[in-house]
Amino acid sequence: MYEILLVIYLLAALGVIGLVLVQQGKGADMGASFGAGASGTLFGASGSGNFLTRMTTVCAAIFFIISLVLGNMSAKQASEKSSWEDLSGNVNSEQVVEKTETAPLNSDIPQ
């Protein structure tokens with residue numbers, strides 16, 4: 001289940017990126033009014049606006065919903081496998097501290 005959601009999440013992210021890059025900015029419409037040839041595009045002068053905007057909204061909504069679901073699943077999985085539940089694993093480990101030399105009294109190093 002997690003892997004399937006992750007694949008859909010990545011596809012939605014790529015869809016949002018692709019749809020945003022395909023759309024024209026607000027300033028691009030000004031060039032069409034002065035005869036820049038934007039009316040001869042594939043979707044027409046402004047025909048692609050509704051379709052691309054709706055598809056971007058759908059992909060963004062899927063992206064955000066799946067990100068919340070994946071975050072919730074990851075948080076539940078982390079809480080189930082908490083390392084604080086069983087602390088008997090490393091009982092025999094000891095920390096060894098070596099004594100270091102102290103700096104001379106007339107040194108610039110604060111102690």
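**Helices, burial and ring pairs**

Reply: L21 sits in helix α1, which covers residues 2-22; helices (H or I, at least four residues) and strands (E, at least two) are DSSP runs, numbered from the N terminus. This is a predicted model, in which local features need pLDDT of at least 70, side-chain atom pairs count only at pLDDT 80 or more, and totals for chains, interfaces and linings use all residues. Residues are numbered from 1 along each chain as its sequence is written, and side-chain values use heavy atoms, with hydrogens and water left out.

Me: Which pattern does the protein follow along the sequence?
Reply: The protein has three helices and zero strands. Read along the sequence, the pattern is α-α-α.

Me: Is L21 buried or exposed?
Reply: Buried means under 20% relative accessible area, exposed over 50%, and partly exposed in between (1.4 Å probe, protein chains only). The relative accessibility of L21 is 68%. L21 therefore counts as exposed.

Me: How far apart are the end C-alpha atoms of α1?
Reply: The expected span of a helix is 1.5 Å times one less than its number of residues. For the 21 residues of α1 this should give 30 Å. The end C-alpha atoms agree with that, being apart by 30 Å.

Me: Within what arc do the buried residues of α1 fall?
Reply: The buried residues in α1 are L5, A12, G15 and L19. Seen down the axis of α1, they fall within one arc, so they line one face of the helix. The arc is that of the directions from the helix axis to the C-beta atoms, and here it is 80 degrees.

Me: Which residues are exposed on the other side of α1?
Reply: The other side of α1 has exposed residues. They are E3, L14 and L21.

Me: What accessible area does the nonpolar patch with V7 and L11 have?
Reply: Like charges are joined within 9 Å, and nonpolar side chains (Val, Leu, Ile, Met, Phe, Trp, Tyr) within 5 Å. Areas come from the Shrake-Rupley method with a 1.4 Å probe, and for residues only the protein chains shown count as cover. V7, L11, L14, I17 and L21 form this surface patch, and together their accessible area is about 540 Å².

Me: How many aromatic pairs does the structure hold?
Reply: Rings of Phe, Tyr and Trp (its six-membered ring) pair if their centres lie within 6.5 Å; planes under 30 degrees apart count as stacked, over 60 as edge-to-face and the rest as tilted. The number of aromatic pairs in the structure is two.

Me: What kind of pair do Y9 and F63 form?
Reply: Y9 in helix α1 and F63 in helix α3 (residues 48-80) are 54 residues apart. Their rings are 4.8 Å apart centre to centre, with 10 degrees between the planes. The pair is stacked.

Me: Why is the pair of F63 and F64 called edge-to-face?
Reply: The ring centres of F63 and F64 are 5.6 Å apart. Their planes stand at 75 degrees, so the pair is edge-to-face.

Me: Is T56 buried or exposed?
Reply: T56 lies in helix α3. Its relative accessibility is 14%, so T56 counts as buried.

Note on methods
Patch = residues over 30% accessible without salt bridge, like charges linked within 9 Å, V, L, I, M, F, W, Y side chains within 5 Å. Salt bridge = Lys/Arg side-chain N within 4 Å of Asp/Glu carboxyl O.
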